[in-house]
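These are my notebook entries on a single structure. I set down what I looked up, item by item.

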Amino acid sequence: MEKDIKTILSECGFGFKKQLGQNFITDKNLLASIVAASGVSAEDTVVEIGCGAGTLTRALAEKVKKVIAFEVDKTLQPVLAQTLAGLDNVEVIFRDFLKTDLKEFELALSGYTVVANLPYYVTTPLIMKIIEQSEKCKGLSVMVQEEVAERLCAKAGTPEYGAITAMVALRAECSVVKRVPRTLFFPKPNVDSAVVKFTFGKGIAVTDREKYKKTVHAAFLSRRKTLENNLINSFNITRARAQEILTECGIDLKARGETLTPEQFALLSEKIG
Ligand code: SAM
């Protein structure tokens with residue numbers, strides 16, 4: 001790519017859409033380190049969500065077998081035609097990833113890794129979509145706002161720990177692999193970011209995912225209430241029954257939901273149904 005990305009964007013008359021979280025990465029070292037941190041190799045198929053001006057797409061395509069990139073903003077088409085020129089292993093799908101039928105999309109794939117620099121407002125729905133629906137995703141490396149990264153990787157009992165942390169633990173192990181200052185984006189956002197890596201297949205075993213989900217959501221229904229009270233309200237059970245279940249699980253009757261580990265949620269969800 002001869003021209004610099006800012007020149008291409010300006011020549012194409014591209015207008016940034018704040019509502020789509022369009023803060024692009026232009027720093028070559030950062031791009032290389034995201035690709036390295038994601039652990040992808042020459043045999044891999046990568047799904048990139050929100051490819052923007054294609055800088056990360058290009059860095060990925062130079063390292064892996066194939067990149068399938070989703071982008072909701074069709075006005076990026078002329079930009080991508082230039083930034084991805086000469087690459088024959090990239091397919092761009094101009095579609096909202098959140099509205100994509102994942103089962104149907106996965107039919108043609110044997111396995112894939114997701115790499116994405118996400119706008120904050122799609123972070124949770126997108127991660128939950130993959131956690132809940134994907135059968136073939138092997139790993140997920142996402143750039144998110146720093147405070148979201150803390151929440152995703154939080155330990156039980158901390159203020160950052162929430163329903164999303166416990167839901168992610170069901171399928172994957174999750175860690176912050178890189179902190180990224182806001183100055184490395186164009187235009188510069190108001191917050192710093194971090195890359196979080198999820199390794200699938202290292203989650204916890206549960207027999208009924210829906211029951212686990214319902215238990216987690218019940219536990220975080222009201223952070224000010226005890227777990228016992230939240231269970232009574234969500235599962236429509238008596239106080240005596242709630243206390244019996246908590247005792248069977250070895251959980252203190254005064255405990256609050258946010259103190260339970262994902263393993264304790266799994267045990268609780270087995271007993272409560
Ligand atoms: N990957 C590029 C980079 O790192 O420079 C762009 C990142 S930018 C933070 C996020 C991109 O995701 C934007 O181009 C935006 O239009 C796109 N986007 C937002 N919501 C999307 C969705 N639901 N499906 C697909 N793309 C989306």
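**Entry 1: Helix H9 and its cap**

I began at the start of H9, where Asp 208 caps the N-terminal end: one of its side-chain oxygens lies 3.1 Å from the backbone nitrogen of Glu 210. I note here that the model is a predicted one.

I then asked which residues of H9, spanning 209-219, are buried. They are Tyr 212, Thr 215, Val 216, Ala 218 and Ala 219. These residues lie on the same side of H9, because the arc they cover around the axis is only 160°.

Next I looked up what covers the buried residues of H9. The cover includes helix H8 (163-168), helix H10 (227-235) and helix H12 (262-272).

In H10 I found Leu 227, Glu 228, Asn 230, Leu 231, Ile 232 and Phe 235 to be buried. They pack against H9, H12 and helix H11 (239-248).

I followed the chain past H10 to Asn 236, which sits in the loop between H10 and H11. Most residues other than glycine have a negative phi, and most peptide bonds are trans. Is Asn 236 buried or exposed? Its relative accessibility is 73%, so Asn 236 counts as exposed, the cut-off being over 50%.

**Entry 2: A cis peptide bond and Ser 193**

I recorded a cis peptide bond between Phe 186 and Pro 187, with omega of about -10°. Pro 187 belongs to the loop between strand E8 (185-186) and E9.

Strand E9 covers residues 193-200, and Ser 193 is part of it. Ser 193 has a relative accessible area of 9% and is therefore buried. Apart from residues up to four places away in sequence, Ser 193 touches Met 143, Val 144, Gln 145, Glu 146, Arg 179, Val 180 and Phe 185.

**Entry 3: Ser 134**

I turned to Ser 134, in the loop between helix H6 (120-133) and strand E6 (137-145). Ser 134 counts as buried because its relative accessibility is 2%.

What does the side chain of Ser 134 face among backbone nitrogens? A polar atom of this side chain lies 3.3 Å from the backbone nitrogen of Lys 136, and a polar atom of the side chain lies 3.0 Å from the backbone nitrogen of Cys 137. With neighbours within four places in sequence left aside, the contacts of Ser 134 are Leu 102, Glu 106, Tyr 112, Lys 129 and Arg 171.

**Entry 4: The ligand**

I counted 21 residues around the ligand; Ile 25, Gly 50, Glu 71, Asp 96 and Asn 117 come nearest.

- Gln 22: a side-chain N or O atom is 3.1 Å from an oxygen atom of the ligand.
- Glu 71: a side-chain N or O atom is 2.6 Å from an oxygen atom of the ligand.
- Asp 96: a side-chain N or O atom is 2.7 Å from a nitrogen atom of the ligand.

How much of the ligand does the protein cover? On its own the ligand has 600 Å² of accessible area, and the protein covers 98% of that.

**Entry 5: Nonpolar cores**

The largest nonpolar core has 62 residues. Those that touch the most other members are Ile 49, Ile 130, Val 142, Leu 152, Phe 198, Tyr 212 and Phe 265. H6 supplies the largest share of this core, six residues.

I traced the surroundings of Ile 49, leaving out neighbours within four places in sequence. Its contacts include Phe 70, Phe 97, Val 114, Leu 118, Leu 126 and Ile 130. There is also a second, separate core of 30 residues, with Phe 14, Val 67, Leu 76 and Leu 84 among them.

**Entry 6: The protein as a whole**

The protein has 12 helices and nine strands. Of its 273 residues, 49% count as buried. Its C-alpha atoms fill a box of roughly 70 × 40 × 30 Å along the principal axes. The accessible surface comes to about 13300 Å², and carbon and sulfur atoms hold 49% of it. Among contacts with a separation of 6 or more, 66% are between residues 24 or more positions apart.

How values were computed. Residues are numbered from 1 along each chain as its sequence is written. This is a predicted model: local features need pLDDT of at least 70, side-chain atom pairs count only at pLDDT 80 or more; totals for chains, interfaces and linings use all residues. Side-chain values use heavy atoms; hydrogens and water are left out. Buried means under 20% relative accessible area, exposed over 50%, partly exposed in between (1.4 Å probe, protein chains only). Helices (H or I, at least four residues) and strands (E, at least two) are DSSP runs, numbered from the N terminus. The arc is that of the directions from the helix axis to the C-beta atoms. Contact means heavy atoms within 4.5 Å. A polar contact is a pair of N or O atoms within 3.5 Å; within protein, one must be able to donate a hydrogen and the other to accept it, and residues adjacent in sequence count only if both atoms are side-chain atoms. A residue is near a molecule or strand if one of its heavy atoms lies within 4 Å of it. Accessible areas come from the Shrake-Rupley method with a 1.4 Å probe; for residues, only the protein chains shown count as cover. A nonpolar core is a set of buried Ala, Val, Leu, Ile, Met, Phe, Trp, Tyr and Cys residues joined through side-chain atoms within 4.5 Å.
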